[in-house]
Amino acid sequence: MSGTWESAWGYAEDCLLAVWQNRLCVYTVAAVVIGLWLTINMTWKKRKPVKPVDSWLYKSGKKKISEKEKVVSVVGLRIFYGSQTGTAKGFARELADDVQNLGFQSEVIDMKDYDPEDRISDECTSKRICVFLVATYTDGKPPESADWFCKWLEEASTDFRYGNTYLKGMRYAVFGLGNSVYAGHYNTVGKSVDKWLWMLGAARVTSRGEGDCDVAASRHGSLQADFQAWRTRLVGRLQALAQGRRRPCSGKCKKGSCKSTNRPEEAAEDGSSPPEGHSSEELFESSSDSDSSGEGETRGSVIDMEDLGDVINHIKKAKKPEEASLGGRLAKLNGVRKTEEEEEEREMLTPALREVLTKQGYKLIGSHSGVKLCRWTKSMLRGRGGCYKHTFYGIESHRCMETTPSLACANKCVFCWRHHTNPVGTEWRWKMDPAEKILKESVENHQNMIRQFRGVPGVWPARLEEGLAVKHCALSLVGEPIMYPEINAFLRLLHQRQISSFLVTNAQFPDEIRNLLPVTQLYVSVDASTRDSLKKIDRPLFKDFWERFLDSLQALGEKKQRTVYRLTLVKAWNVDEMMAYAELIALGQPEFIEVKGVTYCGESSASSLTMANVPWHEEVIHFVQQLARLLPDYGIACEHEHSNCLLLAHHKFKVEGEWWTWIDYRRFQELVQQYEESGGTRTFSSLDYMAKTPSWAVFGAQERGFNPSDKRFQKKKTTKDLSGC
């Protein structure tokens, strides 16, 4: 028995030894067998139809749709808007009308009237796509009406109790309204809403739209055009989903089949990628086209090895446009080439903006200028008194032309009496009209508006004829005239025509102030005296607005001609900053200080001002008296009660106890002509062309700034009939 066991063991040792000695052959055979098996297996799988990982990757083959799948899963839109100026609200109504005309349902909802905590989860089972039109307000914050909605959405997106499937089943689209001039906050609210919804599991049906108020940078030329392009894409997507297609029809389909449903390269939807701020690797868990239409695989599907090549190719294709765009931007920065948009400058005035400004009474000139008839011009034509400039400086209001060579501004002041209809910007990036054309058409339009008063009851014929000869130009209509690159050429043309120049700037362009030629009177608007209040009231576009503001005041102090601070008092906003105002006056040392109560221009969604913010005239007087006590070199010179305005003047304009705040306009024209002929070497100062102020214009006079040669007109107050029908 033992011999048999030993024999078997010896045989086994011989076999193992033989295998070990020939192990290379064994390995080779095993490798061949495994390779053959893998080859046969892969060949067999390739003969089978490949199941798509997700609809955003590709589709293969024609798929028959069952009657159950043909049930329409989209019946319309639920449109949410968050607006500060009413633009988003208007867009929401336009979109609602469009889809209703196509036979879809629509509902417009103000975000302030919608509680997401109680109601947003219902959208997961709704047959309506949720559309969000939201603007970005000051410092990248949402409008007040959308504040709670955005705050809840942000907190929910990072709250583990909700998770990344809380809004699974909800379909949405986002359009943001912003201004690229605010580089650090451009469309941040729209981007954030898109990101938060995606993080909660909602499915984007089309890519996020971004409207830009800056016409020079807008992709389609204006905010309205940006929205129109996005709206067209959204409506096409809505129609496609309602018909059971993934994408809108291309219009090139053959009978019996639609290419849009069968082309793998178009299966990916515009908005299938994650919102900005997410890496490309997260594409596998992004809101896909299948999610958008309620079909297809769930997120996180397993990808077969043989499908990985298609996935990588798809990602590379998606990256190519981004790389091309980046390359274009780098080439632009390096000065290698210019983009098409850069080569062709755009007009400042878009068709929509032209329509709005024309309705407001502007006579638009060229692509960036305008003129409008001041109400005080109309008043003085009828002998009903002139403006405060007539009282303070002797302007003939019926011969004053109010115009601007630049409708754009670098601020968005809360008390803007144009309700922010003008464009904004920090530099000139538009087409530019020559100064000769602007002045010529400004005078012609002004004269045409004056002629319209011929035959109007109460108009003095002599003043009507005088009004046709423009003597003064107030460059304060709207916007920032000093932004116009040819402002000095424009001023020269004015002076050559014997027209005086009153230029107003918002103290954001110090270099331009220093380079400015002599003007009859140069104004700087000082709307606040501290950094915080200036930011709150003026809402400037520049990040270094305060530094620019202070530098502008210093630049004003370097001027030799008449300089003015214009203070606008807004009750409960800036009337308590007395000492700070005194410090700013010491910095720029203006020769005059106009203090005026804010003018209420009616209700505007762009501003929170009400009549409660308008100070009474006695309150303005009290403020000026307190300010004068802090300024030993200044005194209260004039008053214009009707305009709720007072004038502080430097004591050098008080000669032998009498104020000389008026202007000798003929003498100014002689001095500025001598300055031009001498090449700027023969300078002059404000004391060289001052004139005596009449007694009726001096502060404390019985007339309180009203010219006694005119006749005061007071509207009759009609009592409302409350008796009913």
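A residue is called buried when its relative accessible area is under 20%, exposed when over 50% and partly exposed in between (1.4 Å probe, protein chains only). The views below show a predicted model, in which local features need pLDDT of at least 70, side-chain atom pairs count only at pLDDT 80 or more, and totals for chains, interfaces and linings use all residues. Residues are numbered from 1 along each chain as its sequence is written, and side-chain values use heavy atoms, with hydrogens and water left out.

**View 1. Buried residues of helix α16 and their cover.** Helices (H or I, at least four residues) and strands (E, at least two) are DSSP runs numbered from the N terminus. In α16 (residues 487–496), the buried residues are Ile487, Phe490, Leu491, Leu493, Leu494 and His495. Their cover includes α14 (435–451), β10 (472–475), β11 (500–505) and α22 (665–677), where contact means heavy atoms within 4.5 Å.

View 2. Strands pair if DSSP finds at least two bridges between them. The order is β7-β8-β9-β10-β11-β12-β13-β14-β16-β15, and the pairing is mixed. Because β7 (363–365) and β15 (634–640) each have a single partner strand, they stand at the edges, and one side of each is left without a neighbour in the sheet. From one strand to the next the twist averages 25°. Strands β14 (residues 592–597) and β16 (residues 645–650) run antiparallel and are joined by five bridges; Lys596 has Cys645 in β16 as its bridge partner. Helix α21 (residues 617–629) lies across β13 (562–569), β14, β15 and β16, at about 15° to β16.

View 3. Axes are lines fitted to C-alpha atoms, for helices over the stretch in contact, and angles run from 0 to 180 degrees between N-to-C directions. Helix α20 (residues 578–588) packs on α21 at an angle of about 55°, with the axes 10 Å apart. The two helices α20 and α21 are therefore oblique to each other (angles under 35 degrees count as roughly parallel, over 145 as roughly antiparallel, 65 to 115 as roughly perpendicular and the rest as oblique). Met578, Tyr581, Ala582 and Ile585 of α20 meet Phe623, Gln626 and Leu627 of α21. This contact of α20 with α21 comprises six nonpolar residues, one polar and no charged (Ala, Val, Leu, Ile, Met, Phe, Trp, Tyr, Cys and Pro count as nonpolar, Asp, Glu, Lys and Arg as charged, and the others, Gly among them, as polar). The axes of α19 (residues 545–557) and α20 come within 7 Å and cross at roughly 50°. Phe549, Leu550, Leu553, Gln554, Leu556 and Gly557 of α19 make this contact with Leu584, Leu587 and Gly588 of α20.

**View 4. Strand β3 and its parallel partners.** All eight of the eight residues of β3 (residues 128–135) are buried, so the strand is largely enclosed by the rest of the structure. Arg128, Cys130, Phe132 and Val134 point one way, and Ile129, Val131, Leu133 and Ala135 the other. Strand β1 (residues 76–82) pairs with β3 in the parallel sense over seven bridges, and Tyr81 stands opposite Leu133. Strand β4 (residues 171–178) also pairs with β3 in the parallel sense, over six bridges, with Phe175 opposite Leu133.

**View 5. Surroundings of Ser686.** Ser686 lies in the loop between α22 and β20 (690–691). With a relative accessible area of 1%, Ser686 is buried. Residues up to four places away in sequence aside, Ser686 touches Lys560, Gln561, Arg562, Glu591, Lys652 and Phe653.
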